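Try each task before you read its solution.

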Amino acid sequence: MGKITRDHLAILPLDSSLDAETFEIATQLAGMIERALGTSAGIGPMKPPDWQSKYLAFYYGLRIHGVFGGAIVSMAHALHREAQFFERACYEYFLKMFYYSHFRNRAQEMLTSMPAQQLKLINKLGFDPKALMDNNLLSLAESGPAASWDANFKQMRDDLIADGGFMSQTTPAAKFFVKENENRWRVSWIGASQIVHGTMLDAAATITPDMEEPTFHVTLGSRLPKPNASLLDLCQYPVFTILHLKALIGLQEPPELEKAATRVAELIAKRDELDND
């Protein structure tokens, strides 16, 4: 079996509108979060409710690592709108990481409900539960709880920001979440959802009908007007994911993280200049 090479990506040329330093920092942060998660200090003994809370927080950290990588690869090839799929997922995982870190009892209920959730999915897919689950697991699924805290994402967000104990936290990661709460909800969730779900608002931004000629003007490149600003916003997810998991479970902070985070903040302060060059 042959291996793919860079030549196979020739159909997706690199985006010249991206600032080289900004993109380099993004790739460095991708490496940092990968190394940090790969050398975790562990989540401690399997005792409720802390263990379940830490387990889910670490899980969402792993998901953030993956979607951040997908986002910067998409941005590199001028698939800016498609990168918003990953940005939306990044925001969702980021919020859930804080949610289950804070609501530890709900984290415990979620893990306990895993057999019931598995059975529900198997039934939804039309498969035979007895063929996919042993008797013990099936019994747990039928008799255990069916927690669904993450079934309504907006409710999760509302619960979190309505909780005074969470909103008054002073860790760097929590302060970042509180500060960015409204903007990220609007841009990373509501705005990005227009693309994810293929709404008419995204259609209007992608294809413009010419009312005088029987034709369409198509935005095939999928570029956003301020790609560097978008990339810098994305860069903050790995930074604060690492810092949150450091405080929660003792994740080892890469020694170069502080320098990269400082530079991201400096670039954000002049973000408009980067996209006007």
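**Exercise 1: the cap of a helix**

Task: find which residue caps the N-terminal end of α8, and by which atoms.

Solution. Start at Asn 152, which caps the N-terminal end of α8: one of its side-chain oxygens lies 3.3 Å from the backbone nitrogen of Lys 154. A polar contact is a pair of N or O atoms within 3.5 Å; within protein, one must be able to donate a hydrogen and the other to accept it, and residues adjacent in sequence count only if both atoms are side-chain atoms. Helices (H or I, at least four residues) and strands (E, at least two) are DSSP runs, numbered from the N terminus.

Before going on, note that this is a predicted model, where local features need pLDDT of at least 70, side-chain atom pairs count only at pLDDT 80 or more, and totals for chains, interfaces and linings use all residues. Residues are numbered from 1 along each chain as its sequence is written, and side-chain values use heavy atoms, with hydrogens and water left out.

**Exercise 2: the buried side of α8**

Task: list the buried residues of α8 and say what covers them.

Solution. Finally, the cover includes α3 (80–102), α9 (164–167) and α10 (172–196).

**Exercise 3: Ala 78**

Task: is Ala 78 buried or exposed, and what is its phi?

Solution. Locate Ala 78 in the loop between α2 (50–76) and α3. Its phi is near 65 degrees, a positive value in a residue other than glycine. Ala 78 is buried, at 5% relative accessible area.

**Exercise 4: Thr 215**

Task: describe the surroundings of Thr 215.

Solution. Thr 215 belongs to strand β2 (residues 215–218). With a relative accessible area of 35%, Thr 215 is partly exposed. Setting aside neighbours within four places in sequence, Thr 215 is in contact (heavy atoms within 4.5 Å) with Pro 209 and Asp 210.

**Exercise 5: the whole protein**

Task: how many helices and strands are there, and what share of residues is buried?

Solution. Count 14 helices and 2 strands. Then take the 277 residues: 41% count as buried.

Technical notes. Buried means under 20% relative accessible area, exposed over 50%, partly exposed in between (1.4 Å probe, protein chains only).
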